[in-house]
Amino acid sequence: MMLKQSSKKNLFINGKWQEAGDYYQLTSPYNGKFLASVPLANKREVEDALASAEIGAMKMKELTSLERSNVLERVSKLFEERSEEAAEILALECAKPIKAARAEIARTIETYKFASEEAKRIHGETIPMDAAKSGKGRFAYTIREPLGVIAAITPFNFPFNLVAHKLGPAFAAGNSIVLKPANQTPLSTLFTAELFEQAGLPDGALNVVTGRGSVIGDQLVRDSRVKMVTFTGSVEVGLGIKEKAGLKKITLELGSNSAVIIDGTDDLDAVVERCVEGAYAFSGQVCISVQRIYVQEELYETFVERFVEKVKQLVIGDPLSEGTDLSAMINETEAERVERWIEEAAESGANITLGGKRIGAIFEPTIITGASSTLSISCKEAFAPVVTITPYDYLEDVVTCVNDSQYGLQAGVYTTSIHKAFDAIAALQVGGVMVNDVPTFRVDHMPYGGVKNSGTGREGIKYSIEEMTELKLVTIKF
């Protein structure tokens, strides 16, 4: 397969492809091969994008719900038509195995379909004013109005679908967007802009500025024309955005070190298979990747034995190969960081039961047992193909272990007891509890977000639209 697009990319501002004053060289994480020259937007170009978005927001607000819905539906169909090309872009720019890349494109198609449907369902409610003494003789209702210009900053790990989670609800609600993608994954975002251009999105509604976050991010977050910032990425950057954004609306999805509890099951092999998938998909570079596994003492030895056996079957290789399960991490620096964490674990007395080795940006799927809860690999976000497996005796004790984290995005609980399931649901400090599944489960219309340092606000099309609109109250005296 070959990338069919030009190797020199342009910024997308006001519906036009615009050359930049400077460029950087994008290379493959897997083999270091040159992929494209990508624009490094400067302050003037970001200003152009903001001015364009301000006009684009007025155009979007004038569109009917049906017109916005139709644009999103056309984008969904265009993704279907060019799905293999989109999957190839993922394999090249972020080393996502082609099987996983196709799965992401399928989800992206569905996300834009959800957005198209939700564009027709944005409504308010009537308020029973006569429930108050002074409300007699009044009628009231609410409506939802678009915010205007939204700044979206997206990560490398799902560069099509997580962009869709910003663009889909924003456009459904009648907003415009200035989008800054991750430096390693600009090709997917520029491809998305091309499809929106073909779908008839008004000029200025989508503006894509690629380049340095230190230049672009600050300018977007501080600008008074921006009414909301939606960000997916690290805690450190998210906290910085919150400090700089003032009274703007903010949605922050900041990651996790997700845990799954194996308390009881009628099919241990199925649980093992699902945990392997949840831990090592895209080399663990998923916000809700399984990082910590807690197994009931009676099941522990059997679980570890079968888990190791299953992980040994994973294939590491070229992301464009149909048989590849894991490929390179996003860059060698990240792989080196994980290598240091593994060394720290080994020095502390933990057992590196499997893996633990790095070759360039490729990190072997790794299993650690006997790890202390204070180790980096236990209490921080690994974002790597590494899991710890720990035995426990009592459910209430292991829930305490799961909650002993700065994060709280999603958690999984396998149990055959409905009483234990509800006990865990009530006690776990997370945004979502997956009973009899891993925390990595997500479908794109469910509310998604966390507590503590996992962020603030919720994604999922309907819920994002609520975040991306302003509620207006109307009362009429008669």
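**Salt bridges, sheets and a surface patch**

Visitor: At what N to O distance do the side chains of glutamate 332 and arginine 358 meet in a salt bridge?

Guide: Side chains of opposite charge can pair when their charged atoms come close. The cut-off for a salt bridge is a side-chain nitrogen of Lys or Arg within 4 Å of a carboxyl oxygen of Asp or Glu. Glutamate 332 and arginine 358 meet this requirement, with N to O at 3.1 Å.

Visitor: How many residues apart in sequence are the parts that this pair ties together?

Guide: Helices (H or I, at least four residues) and strands (E, at least two) are DSSP runs, numbered from the N terminus. Glutamate 332 belongs to helix H11 (residues 332-347) and arginine 358 to strand S15 (residues 358-359), so the separation in sequence is 26 residues.

Visitor: What kind of model are we looking at?

Guide: Residues are numbered from 1 along each chain as its sequence is written, and side-chain values use heavy atoms, with hydrogens and water left out. Local features need pLDDT of at least 70, side-chain atom pairs count only at pLDDT 80 or more, and totals for chains, interfaces and linings use all residues, since this is a predicted model.

Visitor: Is aspartate 444 buried or exposed?

Guide: Aspartate 444 forms a salt bridge with arginine 107, their closest N and O atoms being 2.8 Å apart. Arginine 107 sits in helix H4 (residues 98-118) and aspartate 444 in the loop between S20 and strand S21 (455-456), so the pair ties together parts 337 residues apart in sequence. Buried means under 20% relative accessible area, exposed over 50%, and partly exposed in between (1.4 Å probe, protein chains only). Arginine 107, at 24%, is therefore partly exposed, whereas aspartate 444, at 1%, counts as buried.

Visitor: Which residue forms a salt bridge with lysine 420?

Guide: Its closest N and O atoms to those of the partner are 3.2 Å apart. The pair links distant parts of the chain, 157 residues apart: lysine 420 is in helix H14, and the partner is in the loop between strand S12 (259-262) and helix H9 (268-280).

Visitor: Which residue in S20 stands opposite glutamine 410?

Guide: Strand S19 (residues 410-414) pairs with S20 in the parallel sense, over 4 bridges. Within this pairing, alanine 411 stands opposite valine 433, and glutamine 410 stands opposite glycine 432.

Visitor: Which residues form the uncovered face of S20?

Guide: In a regular strand the side chains alternate between the two faces of the sheet. In S20, Gly432 and Met434 make up the covered face, and the uncovered one has Val433 and Val435.

Visitor: Which helix gives the most to the nonpolar patch?

Guide: Patches are made of residues with over 30% relative accessible area and no salt bridge, with like charges joined within 9 Å and nonpolar side chains (Val, Leu, Ile, Met, Phe, Trp, Tyr) within 5 Å. This patch covers about 370 Å² and is made by Ile418, Phe422, Ile425 and Val435; areas come from the Shrake-Rupley method with a 1.4 Å probe, and for residues only the protein chains shown count as cover. Isoleucine 418 is exposed, at 53% relative accessibility. With 3 residues, the helix giving the most is H14 (residues 418-427).

Visitor: How many residues of strand S4 are buried?

Guide: Strand S4 (residues 34-39) runs antiparallel to strand S3 (residues 23-27), with 5 bridges joining them. One of the bridge pairs is glutamine 25 with serine 37 of S4. S4 is largely enclosed by the rest of the structure, because its buried residues number 5 of the 6.

Visitor: Which residue takes a positive phi in the hairpin of S3 and S4?

Guide: The hairpin has 6 residues between its strands. The phi in question is near 75 degrees, and the residue is glycine 32.

How values were computed
Two strands pair if DSSP finds at least two bridges between them.
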